[in-house]
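Hello,

Here is the structure I promised to pass on to you. Please open it alongside this email, and my notes follow below.

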Amino acid sequence: MSKRIVCLRHGQTLWNVEQRFQGHSDIPLDETGIAQAARAASLLASLRPTLIVSSDLQRANDTALALARVVGLDVNVDKDLRERGGGEWEGLTRDEIASRWPEEYVAWEAPGGEPVADVATRVAGAMRRWAAKLDDDGLLVVASHGAALRLGICELLGLPEQLWPALGGLGNCSWSVLQEGRRGWRLLEHNAGTLPEPVRSDDRPEAEA
């Protein structure tokens with residue numbers, strides 16, 4: 001018996017489709033995103049989650065609520081599971097960012113935005129806190145955001161920062177599964193549920209290739 005974490009990215013929003021940086025902006029799911037959340041809920045319910053926690057942003061919280069309704073659990077909310085703050089980039093498209101901040105775009109460092117190491121630390125810290133509440137065979141579902149989850153997973157796995165780009169992005173309403181072992185957490189499954197759909201998120205462009 002061992003603890004598991006399912007890292008579930010929220011469903012599609014209009015800003016995902018328009019390739020706008022969402023960050024901390026509180027953008028709702030669109031009709032497709034609502035349907036994606038319902039589909040993911042029907043699949044993940046079979047894993048019998050014992051605890052659900054989500055970001056405080058509505059696109060993640062509504063995705064978590066879709067699962068909670070199916071399995072009869074409450075949704076806990078944790079602000080530390082928010083997406084990476086985008087600073088001056090929030091609301092702008094990829095093309096607008098690339099044309100106005102060419103050097104920062106290559107580095108994927110938004111002026112006034114949140115450093116990736118800080119995001120990794122806060123998201124992984126939140127996952128550890130909530131996983132600590134599980135029984136030995138419990139399953140935690142974390143509903144969050146593309147860049148936040150990828151960075152949090154890398155930190156939880158203990159990967160050095162130079163290897164973080166090796167882990168690809170998460171599509172809308174796709175998920176990754178982590179399991180706690182004797183030597184820490186390990187990745188069992190990554191970006192399941194939506195392949196081969198394209199990834200659209202606030203993450204680095206190469207994470208979406």
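Predicted model: local features only at pLDDT ≥ 70, side-chain atom pairs only at ≥ 80, totals over all residues.

The axes of helix α2 (residues 31-44) and helix α3 (residues 58-71) come within 8 Å and cross at roughly 45°. Angles from 65 to 115 degrees count as roughly perpendicular and those under 35 as roughly parallel, so α2 and α3 are oblique to each other. Their crossing is right-handed. On the α2 side, Ala37, Ala38, Ala41 and Leu44 take part, and they meet Thr63, Ala66, Leu67 and Val70 of α3.

Next, the nonpolar cores. The largest has 28 residues, and those with the most contacts inside it include Ile5, Cys7, Met127 and Leu178. Two or more residues each come from β1 (4-9), β2 (51-54), α6 (116-131), β4 (139-144) and α7 (146-156). The biggest share is from α6, with nine residues. If you click on Met127, you will find that it touches Ile5, Cys7, Leu140, Val142, Gly152, Ile153 and Leu156, leaving aside residues up to four places away in sequence. Another core, of 21 residues, lies apart from this one, with Leu8, Ala40, Ala41 and Ala66 among them.

Finally, have a look at Glu114, in the loop between α5 (102-107) and α6. Is Glu114 buried or exposed? Its relative accessible area is 16%, and because the cut-off for buried is under 20%, Glu114 counts as buried. Its side chain makes a polar contact of 2.8 Å with the side chain of Arg122. Not counting residues up to four places away in sequence, Glu114 also touches His24, Glu83, Arg84, Gly85 and Val119, among others.

Best wishes

Technical notes
Residues numbered from 1 in each chain as written. Heavy atoms only, no water. Core = buried A, V, L, I, M, F, W, Y, C linked by side-chain atoms within 4.5 Å. Buried < 20%, exposed > 50% of the residue type's maximum accessible area, 1.4 Å probe, protein only. Helix = DSSP H or I, 4+ residues; strand = E, 2+ residues; numbered from the N terminus. Contact = heavy atoms within 4.5 Å. Polar contact = N/O pair within 3.5 Å; in protein donor to acceptor, adjacent residues only side chain to side chain. Axes fitted to C-alpha atoms, helices over the stretch in contact; angles between N-to-C directions. Parallel < 35°, antiparallel > 145°, perpendicular 65-115°, else oblique. Left-handed = near helix turned anticlockwise from the far one by under 90°.
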